[in-house]
Each structure stands twice: as structure tokens, then as C-alpha cells.
Amino acid sequence: MKEKISQFCRKNIVVIGIGILLVFMAFAAPNYFAYSTLTGLLTQVAIYGIVACAMTIAIIGGEFDLSVSSILPLATLLFAAMLPTLGLPLTIVVVTLIGVGIGCINGFFVAITKINAFIVTLATMIAIKGIMLTFCDGMPMPAVNESARQLAMGNVGGITVTVMIFFGCVILTELVLRKTKYGRNVFATGGNYDVAQYAGINVRFIKFSLFAILGGAAALAGTLLTCRLQAGSPLYGSDVALYVVSAAVLGGTSLAGGRGSAVRTLLGMLFIGMLLQIFTYINVYTYMQQLIQGAIVVVVVIMDALPSRKKGSDEEPVTVGNPE
Amino acid sequence: MGEKTVSKKRGKFDLIISKYGILFVLAAIIIVAGIISPAFLTGQNILNILKQVSATGMLAIGMTFVIISGGVDLSMGSILSLCGVVCVIMIPLVGTPLAILIALAVGVVCGTLNGIFITLTGGTMGSAFIITFGMATALGSLALTVTNGANVNAAAFADFKEIGQGSWGIVPITVVIFVVAVIAAQFVLRKTTFGRINYCLGINDEATHLSGIKVKKFRVLVYTVAGLFTALGAVMLCSRVSSASPIQGEGYELDAIAAVVLGGTRMGGGSGSAAKTVIGVLMFGILTNALNVMGVSSYQQMIVKGIIIMVAVLMDKRSIRVENEMLARTV
């Protein structure tokens, strides 16, 4: 019985966490419970949330991508540079495709040459950062455009278009993961690479596609961020990889691969978003906020790994990267 | 038959390339840089390079231990920032020797924490990546919190500056420290129980565990050693530049990984040595210096570094395949 309770707690850690935060705010700041707080929270997490959906698929497939924290700011700069000549819709498409292209480079090295995804994306992260800083010379670029602003900030009852796109991504991810052959193959590949291969799944394509999706999602998030902030900057989004991985793992997506869901990642995003809101509310210093964010990752990853140490549990031990 | 002899020849050639290729590349870089810029091959510049690489080289030596054990440490840059900041802040309070000791203790504690957390999560490369990634953020912001984001000046502490800027004869003190550290690391890796167990962890930690070795204890120890080397590097670096910045170490962990991999120590563990890392460190230092002398911007240098890491890993993959083929042939 005790075992069951602890299992339940571990599985629903994010729900419990959100509950604790809500109770805390009920005492500390009753005026926190307003509709505007909720819409504000959603707007705040929506852009990184799009990357989080893609990262959830990748983690389920047993992979991981650090380079999103370079692809996202690169996309904001490219968007700012192309917007005046190409117009809004075409710019979004082109920038997203460039993101997919970069993702394909990652995917090639991971899936075909079988190098550990951490090393590959670490290397591309540095290289893309270099390209991006050369491109903009370290300076932000303005992207003032009314229709772009409308795209990001236009809203129905406080729910902005960005939030709608985010929800669309969550639903799409969930449908793809649960209802399509591709989704099932991702689970199988992440669960056990060799078995999936013997079962006739094109595991290389699956691994490759994970990175293409991530690159596209990061670039799309970058364009939406630029629409909202009306500028591109090499400094935007440097924390996105840490943020979305902790959200996914908080939501119960296992770093071991083969287990997870986009809806739970959404809850993880909300938890971190709420935590940051509360930090601002009770005046926790920015550097301290980052410290706590880093600490959350460490704690969450340790908790994610712990069940595998219990006897008689059905959990797999944590292994991330290419199962070679 | 003909095909076989050809492939055998190719195999030998590949083996030479995979074993000594790195030295050819190093020579090529030196020659090209020397031709493009005469300033490169002057005695002063060579001493400069040695001085510059000895601080980062300490990190690479620590990283060598970690990578041989089958892990990785992305938090080294942040540990460096934290130790540097703590050291310089402490000097006016407790004096230079004690401040340095405190900085080393901070490094050891951070490294040990890394080790404990990684052991708790199963000790795989993946868990090492994600844990040290989180620790990098946490410790980096801790360094920022300590100084409130400002730099700390160490220009007034003559005895502290002596470490990084002084020299015995023409040999800079930092270079002496680095050489001693390399010899010590090489000795520990080759001649001590801890060193041999370090290789075992990287090859197969399950088998190591089954042969009665306390895997967890030793894995923690590996990261502690890495933390200690990082703290030493922090002291040397801060003393050389006469200040400590809370973001000083940003990106240093990547340089360290690149140097280790370039030297030929394998990601994934089980092989490599401190001596190999010295070659990687020199190569990386010479390359950075050559790019600087040639006037390549620091932004473009990042592109080059990213590509170099990829190429080094790809070459390593290839040499593993070649060695396996050779092994299969002899069997």
C-alpha cells in the first residue's frame, strides 16, 4: 500500500506540485486567482511550449536536443531580417523550413553516423551560435510589423493566437503519439532500439525525424517570439533547452525513452510558469530564479531515475542517447 | 585475394591515420599559421600560448578523468566561475593561501555533488549530461548571486597575481603547475588502483560492480577529482587576468571536451590518457591563437570550434571501426 502511494505520488508529481503552489498562493496572495493571471500564464509558457511538445516526442524516442537554444534565437534574427522583403506568411514558412533543415543536420549525424545526440547537438549549438552572432554582429534586430504583432497578441477573450497555436501543437502531438503508426513507432524506438529495429521499424528514419521536428518547432517558436517582442535578438531563448526538458520530465516523460505524453508536458510547463510567476511576486532575485530552475532539473531527473532502483518495479533504468 | 590485400593495406594506412592523425593535423596548423602570420612562430607567442592553455588545460585534465569513466561534466565552466569568484572575494578576508584553499574546497564540494547526483540517477552518460547541465545553470547563477553580477578585481593582490603572471626564469609558473598536474594525472591513471578502476567504469560498470568494486564510491570520486582540477584552473585563470567574473567560465567546459576528444580520448569511456589530452589542449590552444593572430572574430571561432568537435568525433568513430575490422581480421 505504501509502495502504491509512493508510486502514485511519483507519477503525478506535477499535479501535486501545482496543487501545492495554488494552496501557497491562496494564503500568500488571494488576488492571484484571477482570469487574467491564467491567460498571462498561458501566454508566458506558450512559445517555449511549442518546443516542449517537440522535445516530448524526441525524449519519448530516446533522444535529446541541446541545439534548440541556438536555433530559436537564430530564427528570431532570420525572421527580423526577412520580414521586410518576404512578407509575414512567407517569412514564417521559410524560417520554419530553415529550422527543419538544421534539425536534419542534427538528425543525420545522430541517426546515420550514430554519434551521441548530446555531442552532436552540443557541437551544432556552438556552431549555430557562432553563425548567428556573425550574422547579427551581436546586436538585436528590429522587426516592427503590425500584422506580426496582431498574430502574436491578437486574442479572443484573453487567449492569444500564440496560445491557440500552442494548444494546437499539444493536441496534434498527442494525436500523433497515440493514434498514428508514426507515434507508435516513436514509442517503440525509444523503448528499445534494437527490438524496434528487429520488428521492422525504420528506426533510423524515426531518429532522423525527431530532430527535424525539433528544429522546425524551435524555429516556429522563434518566429512567434519575434512577432510578440517585435525584435530578433541573439540573447532570446538561451534557456529554452533546460526549460522544456525540465517541463517534460516533470510531466512524467521518462528520459529513458518510451514513456510520456504532451498533455503532461503542458502541465510541467504550467508548473514552471507558475513557479516563475510566484518568484516574481515574492521578489526572488533573477539569479536566484535561475539557480532554482537548475536545481529543479537536478531534483526531477533524480526522481525520474529512482523508481528503477526499487525492487519489483516495472521501470527501466535511465539511459539517454544512442543505445549502442 | 587481390581485394583482400588492398583492404589490408588500406587497413594499415587507416590505423596509422587513426593513431597519429592528430599529430599531422597539429603540424599542419602550425605550418599554415606560421606562413600566414610571422608573428605566430615567435618565442614570445609560443610562451603566450603555453600560458593561455595551462588554465584551460587543467579543466581538460579533469574532464579526461570524467570521460574515461564514461561520463561527462558540463558544469565545469560554472564551477570555474564560482571558484574564481569565491577565491578573489576571500583574499582580502583571509589572505591568499587560505582563499585558494577555500576555492579548491568549493570545487571539490561541487564536483562531489555532481558525482552523488549522477550516481543516484544510474551513472550513465545520459544522466551525467542532464545532471551537470542542470548543475551548470544552478552553479552559474550561484556565482552571479555571490557577486551580484559584478566582476571582482584582484589587481591589488600581488602575491595572488604572482601565480598566473610570474615566472621562474623564462618558464611561467602556470606552465609549471600544468606540467606537474599532467604528470600527476598520468601517474594516477596508469599506476594506481583508482586510475585502473576509472578505466573499468568506462568499459563496463556492471562487470566492475560484479568484480567487487564499489562502483558508486569511485564514480563520485571521479567527479570530485574533476572539481578539484577545475578549481585549480580557476585560481590560475583569475590570477593571470587579475580579476574574477561570474561568467568567466562560460563555454570552458566545451573547450575542455573538445580538447579531450581531439587528443583521442574516446567519448563513452574506457580509453584515453592525460598525455593524449595535452596534445588536444595544445592543438586547441594553437588553433585559437592562430585564429586570433589571423584576425578571425570570436564569433566565427565558435563556428570553427563546433565543426572541430564534430570532425574529431567522426574521426574517432571511423578509427573505432577500423580497429574493429583489424581485430576481426586477426581473429
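**A buried helix of chain A**

A: In this predicted model, the buried residues of helix α12 of chain A are Val240(A), Ala241(A), Leu242(A), Tyr243(A), Val244(A), Val245(A), Ser246(A), Ala247(A), Ala248(A), Val249(A) and Leu250(A). The helix spans residues 240-250, and since 11 of its 11 residues are buried, α12(A) is largely enclosed by the rest of the structure. Its buried residues pack against α2 (13-28), α3 (35-60), α4 (68-86), α13 (262-281) and α14 (286-305) of chain A, and also against α5 of chain B. Just after the helix, Gly252(A) takes a positive phi of about 105°.

One of these neighbours, α13(A), also packs with helix α8 (residues 161-179) of chain A, the two axes coming within 8 Å and crossing at roughly 145°. On the α8(A) side the contact is made by Val170(A), Thr173(A), Glu174(A) and Leu177(A), which meet Ala262(A), Val263(A) and Leu266(A) of α13(A). By class, this contact has five nonpolar, one polar and one charged residues.

Among contacts in chain A between residues at least 6 apart in sequence, 80% join residues at least 24 apart. The radius of gyration of chain A is 20 Å, which agrees with the value near 20 Å that a compact globule of 324 residues would have, and its C-alpha atoms fill a box of roughly 60 × 55 × 35 Å along the principal axes.

As for confidence, the model scores ipTM 0.77 and pTM 0.83, while chain B has a mean pLDDT of 87, with 94% of its residues at 70 or more. Within chain B, confidence is highest in helix α4 (residues 96-120), at a mean of 95, and lowest in helix α1 (residues 2-36), at 69. Over residues 1-5 of chain B, pLDDT stays under 50, and the model has zero contacts beyond four places in sequence for them. Where pLDDT is low, the predicted coordinates should not be read in detail.

Conventions:
Residues are numbered from 1 along each chain as its sequence is written. Chains are lettered from A and ligands numbered from 1 in the order in which they are written. This is a predicted model: local features need pLDDT of at least 70, side-chain atom pairs count only at pLDDT 80 or more; totals for chains, interfaces and linings use all residues. pLDDT is the predictor's confidence in each residue, from 0 to 100. Helices (H or I, at least four residues) and strands (E, at least two) are DSSP runs, numbered from the N terminus. Two residues are in contact if their C-beta atoms, placed from the backbone, lie within 7 Å. A residue is buried if 20 or more other C-beta atoms lie within 10 Å of its own, exposed if 12 or fewer, and partly exposed in between; C-beta atoms are placed from the backbone. Axes are lines fitted to C-alpha atoms, for helices over the stretch in contact, and angles run from 0 to 180 degrees between N-to-C directions. Ala, Val, Leu, Ile, Met, Phe, Trp, Tyr, Cys and Pro count as nonpolar, Asp, Glu, Lys and Arg as charged, and the others, Gly among them, as polar. The radius of gyration is taken over C-alpha atoms; the globule rule is 2.2 Å times the number of residues to the power 0.38.
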